[in-house]
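Q: I have a model on screen. Can you show me how to read its surface and its strands?

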Amino acid sequence: MPLTLTPVTHGKLCNGSRWVIADEDDLARKVAHLALGQSRHVAAILAKIDKKVPATRADTAKEAVKRLTVPDNMDPYHRDGWIFQAISWIAAYRNDTGAVVRAPHAILAHKGFDGMQLQLDVANEKVIAVVIFEDKATVNPRPTITGDVWKGIRALERGERMPELIQETGAILEAHQLRFPELDIDAAVEAILWEEARRYRVAVTVDDAHDDDGEREALFKGFDKMAPGDLRRRQAETMSIPNLRKWMNQFAAKAIRQIEAWRDNV
């Protein structure tokens, strides 16, 4: 597996995990597949289902490479944000293969939710929670959390963006009807209207200074005020990447080389 997830709980504040890259080459291959739009293939691999690698057309490869490339004279934030969302999707699938995780956005600057996960009961007949992702690849994790992230969570707690959340939930469930034939989509959509069914998963990049337990807890201070209630509502994920922008550049280059190799072998 490309990532190792180590559980971390900070009292009643939040719970979650540290992500550590166990195999960077494998992670780059999976992100390359996601850039090609092959999330179903990656999901099958993570579920340990042996599947043939899809063919890579030249035109598809060209668009995937574009997704992983920063245009001249542009900031890398959109590219790096998409890569981190792809890694976040892999971590979510790795952590709970029984849940329904929405595939990463196909558009770099998409304004919708960073990610979503539906958690089901043991019979796979009811949705017990919708987990809304806040994924941030940043060199300033605490200001990003207290600014952008808390603002988004407060809005959702006030009931804002509910039509978008309902539509997204219905679309995800409809896409997985064959996998969960006994699931009542209308009942599932109704369930997310209840506050306790809405949970939040905040994932940020950090440097080594924020990676010990004390600094990590300080990073998420106030989470319990933004999303009060059961501890399960507050999931905090971190991935330590020193020299974030430099690492993103070399990681994107590695994923691009993989895409080009698949294209040339068609």
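Q: Which residues gather in a patch of negative charge on the surface?

A: Keep in mind that this is a predicted model. The patch of negative charge consists of Glu174, Asp184, Asp186 and Glu190.

Q: Is Asp186 buried or exposed?

A: A residue counts as exposed when its relative accessible area is over 50%. Asp186 has 63%, so Asp186 is exposed. Asp186 sits in helix α7, which spans residues 185–191.

Q: Now the strands. How many residues of strand β4 are buried?

A: Buried means under 20% relative accessible area. In β4, residues 115–120, six of six residues are buried.

Q: Which residues of β4 lie on one side, and which on the other?

A: In a regular strand, side chains alternate between the two faces of the sheet. On one side of β4 are Gly115, Gln117 and Gln119. On the other are Met116, Leu118 and Leu120. Both faces are covered.

Q: In what sense do β3 and β4 pair, and over how many bridges?

A: Strand pairing is read from bridges. Strand β3, residues 100–101, pairs with β4 in the antiparallel sense over two bridges. Val100 stands opposite Leu118 of β4.

Q: How many bridges join β4 to β5?

A: Six bridges join them, and the two strands run antiparallel. Strand β5 covers residues 127–136. Here Gln117 stands opposite Val131 of β5.

Q: What do β4 and β5 form, and what is the phi of Asn124 in the turn?

A: They form a hairpin, with six residues between the strands. Asn124, in the turn, has a positive phi of about 55°.

Notes: Residues numbered from 1 in each chain as written. Predicted model: local features only at pLDDT ≥ 70, side-chain atom pairs only at ≥ 80, totals over all residues. Heavy atoms only, no water. Patch = residues over 30% accessible without salt bridge, like charges linked within 9 Å, V, L, I, M, F, W, Y side chains within 5 Å. Areas by Shrake-Rupley, 256 points an atom, 1.4 Å probe, with all protein chains shown as cover. Salt bridge = Lys/Arg side-chain N within 4 Å of Asp/Glu carboxyl O. Lys, Arg positive; Asp, Glu negative; His and termini not counted. Charge placed at Lys NZ, Arg CZ, Asp CG, Glu CD. Helix = DSSP H or I, 4+ residues; strand = E, 2+ residues; numbered from the N terminus. Buried < 20%, exposed > 50% of the residue type's maximum accessible area, 1.4 Å probe, protein only.
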